[in-house]
Each structure stands twice: as structure tokens, then as C-alpha cells.
Amino acid sequence: MGVLPRHAARAAATFSIASLLVSLVTPALAAEPSGINAADTAWMIAATALVLMMTIPGLALFYSGMVRKKNVLATMAQSLAAVALISILWVAFGYSLAFVGDGPWLGTLDRWFLAGMKMDDVNPAAKTIPEALFMLYQMTFAIITVALVAGAVADRMRFSAYLLFSVGWFMFVYVPLAHWVWGGGFLATMGVLDFAGGLVVHLSAGVGGLVAAKVMGKRHGYGTENLAPFDLSLAVIGTGMLWVGWFGFNGGSALSASPRAVMAITATHLAACAGALTWAAVEWSTRRKPSVLGMISGAVAGLGTITPASGFVEPWHGIVIGVIAGLLCFWACTSLKQRLGYDDSLDVFGVHGIGGMTGTLLAGVFATAAIGGTSGLLEGNGRQLLIQFYGVAVTLLWSGGMTFVLLKLVGAFVPLRVSLQQEMEGLDISQHGEALQ
């Protein structure tokens with residue numbers, strides 16, 4: 001009775017050996033680094049891919065569909081070049097200066113070319129995902145911001161000048177602003193609210209685009225010739241990719257797979273819908289027909305305007321903000337543009353600049369403590385609106401002033417603008433030796 005049968009003893013021995021192997025092997029294979037959360041990591045990988053998709057192919061299609069046929073490839077090339085160029089610069093020094101260290105003006109170069117970054121390291125700003133993933137996610141924001149500026153000077157900027165300008169603008173405009181607002185800089189210390197880039201992305205790019213358009217001058221034939229878009233169907237497809245990608249843009253800015261991310265995505269979608277409908281309604285009432293260009297412009301205006309507020313407001317606030325975005329951005333792209341007489345080719349300032357500014361201020365109005373931990377004007381915290389005004393003023397002055405200086409410096413080395421003959425034959429041929437047939 002006390003002795004096991006031979007086959008039972010063999011089975012027990014096999015089970016014991018298997019258990020020992022499992023105990024030895026499983027921790028090495030399945031152990032998760034302390035603090036890193038698998039769900040958050042998975043969501044942020046997806047969000048990073050979505051935001052990269054916003055530039056290529058999203059912005060590339062959106063922008064190229066609104067220029068003339070002879071400039072389609074050159075416009076796409078600017079978005080593609082931004083991805084390649086800014087990615088390398090971000091790894092080299094951009095990430096470290098923006099997000100490593102908490103100085104009031106800039107970070108440190110401790111992560112120069114990602115020096116010392118281990119597989120299970122985390123950044124204090126995102127403690128539940130690997131630092132390398134946080135770095136990649138923030139990289140996609142830098143990429144699209146630089147690419148956005150190019151829309152204001154589409155059809156006329158020399159490609160070599162664009163590359164030099166992009167390097168300088170990234171170094172002296174984007175990186176400092178990202179640190180000031182998101183990396184523990186002085187605007188963050190003051191309490192400026194910018195959930196996903198109203199200041200850092202949209203207002204900075206919009207103001208930079210406005211200054212660039214003024215410095216570069218108007219396109220040949222602007223106001224006298226037909227400069228109608230080549231293929232709006234491309235722009236509509238690009239809008240769809242931007243719209244979906246914005247879920248990663250705003251939802252990912254929660255840096256976790258959390259209810260706050262879901263609230264941000266919901267407010268984002270509703271703002272885009274409200275912006276598209278509002279712009280279409282205004283066109284319908286003033287021009288008798290709602291244009292496709294107007295609807296996609298309204299959607300992007302709603303998306304850009306909700307961006308800074310998306311993680312601080314309730315979903316229904318997204319509808320209100322989208323309506324305001326549709327009204328104000330339509331006015332900026334029509335009446336204001338004509339009154340000031342600038343040629344912003346793809347309305348970067350009218351949509352992104354005005355939208356980013358408006359959304360940043362409205363974040364100070366609608367911010368809800370139960371969602372983002374900060375109250376706005378409607379919850380009795382009027383001081384937050386003043387803080388938002390300060391953030392807007394700093395961004396306007398810094399981006400506008402540095403853009404002007406950088407363009408003048410670049411212009412001292414290479415011509416900023418193609419020649420008249422090159423502009424007339426198209427940038428596809430003159431800058432890249434290719435053309436659509």
C-alpha cells in the first residue's frame with residue numbers, strides 16, 4: 001500500500017521535473033519589468049502607428065490633393081522628408097532636450113542618441129510604458145508639426161531651403177516648446193493646459209506658416225489665375241486618415257489605456273463632426289452650396305481645435321468646441337485672409353493656427369476637474385483662462401519670431417523660393433525631375 005506502482009512513480013517524477021523546469025524558465029520569459037503595463041504598452045504602440053500614419057500617408061495626401069497637378073509630388077516629398085529628417089534629429093538630440101531633465105528652458109543631453117536607454121527604462125512622464133516607446137510616440141508629434149508648416153508655402157519653396165528650414169525650425173521652435181509645455185519647463189510649471197498639442201503643434205505650426213507665407217510672398221497668379229486643387233479626392237482620403245490617426249494623437253496623449261483616453265477620443269470625434277457640419281452650413285447659407293473642400297477643412301479645424309482640450313473636457317464640450325472651430329476657422333480662411341492679404345497656400349494659419357489658439361483658450365473655459373484634474377472657468381477657476389492666454393502669447397511670439405529669423409538665415413545660404421520659370425513649370429519637375437502623367 002505504501003509503494004507506488006511503477007507507472008505512477010514514473011508519472012510523479014515526470015511531473016516534478018516539469019514543474020522544476022517551469023519554475024526556472026517561466027520567470028525569465030514572462031516576467032514584466034517593474035512598472036511597465038502590458039495594456040498601456042500595447043495601446044501606445046498602436047497610437048504611435050496612428051500618429052505616424054497622420055503624416056504619411058495622411059498629411060501627404062491631404063496637402064497634395066489641394067495643390068495643382070504640377071506640384072503634387074513635391075508636396076508629398078515634403079511630408080516624406082519630414083519623417084526621415086526629423087526622426088534622425090529626434091533620436092540624436094531632440095528627445096533628450098525636450099523630455100530628459102526638468103530645467104525651465106531645456107532638458108539635458110543625457111539621452112544623446114538614446115545613450116544609456118535600456119529596454120525596461122521608463123520616462124517619468126510615462127511610467128507604465130518603455131521609455132523607447134514614449135520616445136517614438138513623441139517623435140511622431142515632432143514629425144507632423146514640421147510637416148504642417150510646409151503647407152503655408154506650398155507651390156513655391158525650394159526643396160533645399162525647406163530641408164534647412166526644417167532642421168532649424170525643429171531645433172529652435174519645436175524642441176523648446178515641447179519642453180516648456182510637456183517636458184517640465186516653465187509653462188508646465190505655471191499650469192498651462194495643452195493635452196495633445198494646441199500650442200506645441202497647431203499654434204506653433206500655424207504662426208510659423210503665416211510668417212513663412214509673408215516672407216516668401218504670394219504665388220505667381222494668386223488672385224488672378226485659377227489655382228484650384230488638382231484632385232480633392234486625394235484630400236478627402238487624407239482627411240479620413242488624419243481623422244482616424246487623431247484618435248492616437250489625442251487618445252494616446254493619455255499615455256495609457258485608460259478611461260481618460262476614451263473620453264479624449266470621444267470628444268475628438270464629436271468635434272470633428274461638428275466642425276465639418278458647421279463649415280458646410282456656413283457655406284450653404286452664404287454660397288448656396290456646401291463644398292467638399294469646406295467639409296474636410298471644417299473636420300480638420302474641429303480636430304485641431306479640440307486637441308489641447310481633449311483630455312480635460314466632457315464629450316459634449318467637444319461638440320461646442322467643434323462648432324466654434326467651424327465658425328472661427330471659416331472666418332479666418334476667408335475674411336481675415338483677404339483682409340490681411342497673405343497667401344497661405346493650404347490655410348495652415350487659418351485652420352491650425354486659429355484652431356490651436358482657440359482650443360487652448362477653450363480648455364481654460366471647459367476644463368473639468370473630474371476628467372483632467374483641473375477646473376476651468378465654468379467650474380469657477382477663472383485664473384486658468386489667464387494662464388492659457390499666457391501660453392498662447394508665448395507661443396505666438398516665440399514661433400513667429402524664430403520662424404522669421406530662421407527664414408532670413410536660410411535665405412542667406414540658399415534661395416528660399418524657386419525661380420518664376422520653375423514655379424510656372426512646377427516643382428515636381430524643377431525640384432525632383434519627376435511629374436505625374
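Me: Leu255 lies in the loop between H8 and H9. Is Leu255 buried or exposed?
Reply: This is a predicted model, in which local features need pLDDT of at least 70 and side-chain atom pairs count only at pLDDT 80 or more, while totals for chains, interfaces and linings use all residues. Residues are numbered from 1 along each chain as its sequence is written, and side-chain values use heavy atoms, with hydrogens and water left out. Buried means under 20% relative accessible area, exposed over 50%, and partly exposed in between (1.4 Å probe, protein chains only). The relative accessibility of Leu255 is 15%, so this residue counts as buried.

Me: What is the phi of Leu255?
Reply: Leu255 is not a glycine.

Me: Where is Arg288 placed?
Reply: Arg288 is not a glycine either, yet its phi is positive, near 75 degrees. It is exposed, with a relative accessible area of 66%. Helices (H or I, at least four residues) and strands (E, at least two) are DSSP runs, numbered from the N terminus. By that numbering, Arg288 sits in the loop between H9 and H10.

Me: Which residue does a cis peptide bond join to Ile56?
Reply: Omega at this bond is about 10 degrees.

Me: Which residues does Phe62 contact, leaving aside its neighbours within four places in sequence?
Reply: A nonpolar core is a set of buried Ala, Val, Leu, Ile, Met, Phe, Trp, Tyr and Cys residues joined through side-chain atoms within 4.5 Å. The largest such core has 123 residues, and Phe62 is one of those that touch the most other members. Contact means heavy atoms within 4.5 Å. By this rule the partners are Leu234, Ala235, Gly238, Thr239, Leu242, Ile296 and Val300.

Me: How many degrees lie between the planes of Tyr95 and Phe99?
Reply: Rings of Phe, Tyr and Trp (its six-membered ring) pair if their centres lie within 6.5 Å; planes under 30 degrees apart count as stacked, over 60 as edge-to-face and the rest as tilted. The structure holds 23 aromatic pairs. Tyr95 and Phe99 form a stacked one, 6.3 Å centre to centre, with an angle between the planes of 25 degrees.

Me: What is the volume of the largest pocket?
Reply: On a 1 Å grid over the protein atoms alone, a cavity is a set of points where a 1.4 Å probe fits but cannot get out; a pocket is an open set with protein on both sides within 12 Å along at least five of seven lines; lining residues have an atom within 4 Å of a point. Grid points are joined across faces, edges and corners, and a volume is the space filled by probe spheres set on the points. For the largest pocket it is about 720 Å³.

Me: Which helix gives the largest share of the lining of the largest pocket?
Reply: The lining has 28 residues, with Leu293, Cys333, Lys337, Ser345 and Asp347 nearest the centre. Helix H9 (259-287), helix H10 (292-306), helix H11 (315-340) and helix H12 (348-366) each supply at least two. The largest share, 5 residues, comes from H11.

Me: How many nonpolar residues are in the lining of the second largest pocket?
Reply: This pocket has a volume of about 350 Å³, and Leu255 is among the residues nearest its centre. Ala, Val, Leu, Ile, Met, Phe, Trp, Tyr, Cys and Pro count as nonpolar, Asp, Glu, Lys and Arg as charged, and the others, Gly among them, as polar. The lining has 3 polar and 2 charged residues, and its nonpolar count is 14.

Me: Which helix gives the largest share of the lining of the largest cavity?
Reply: The largest cavity has a volume of about 60 Å³. Its lining includes Met54, Ile144, Phe249 and His352. The largest share, 3 residues, comes from H8.
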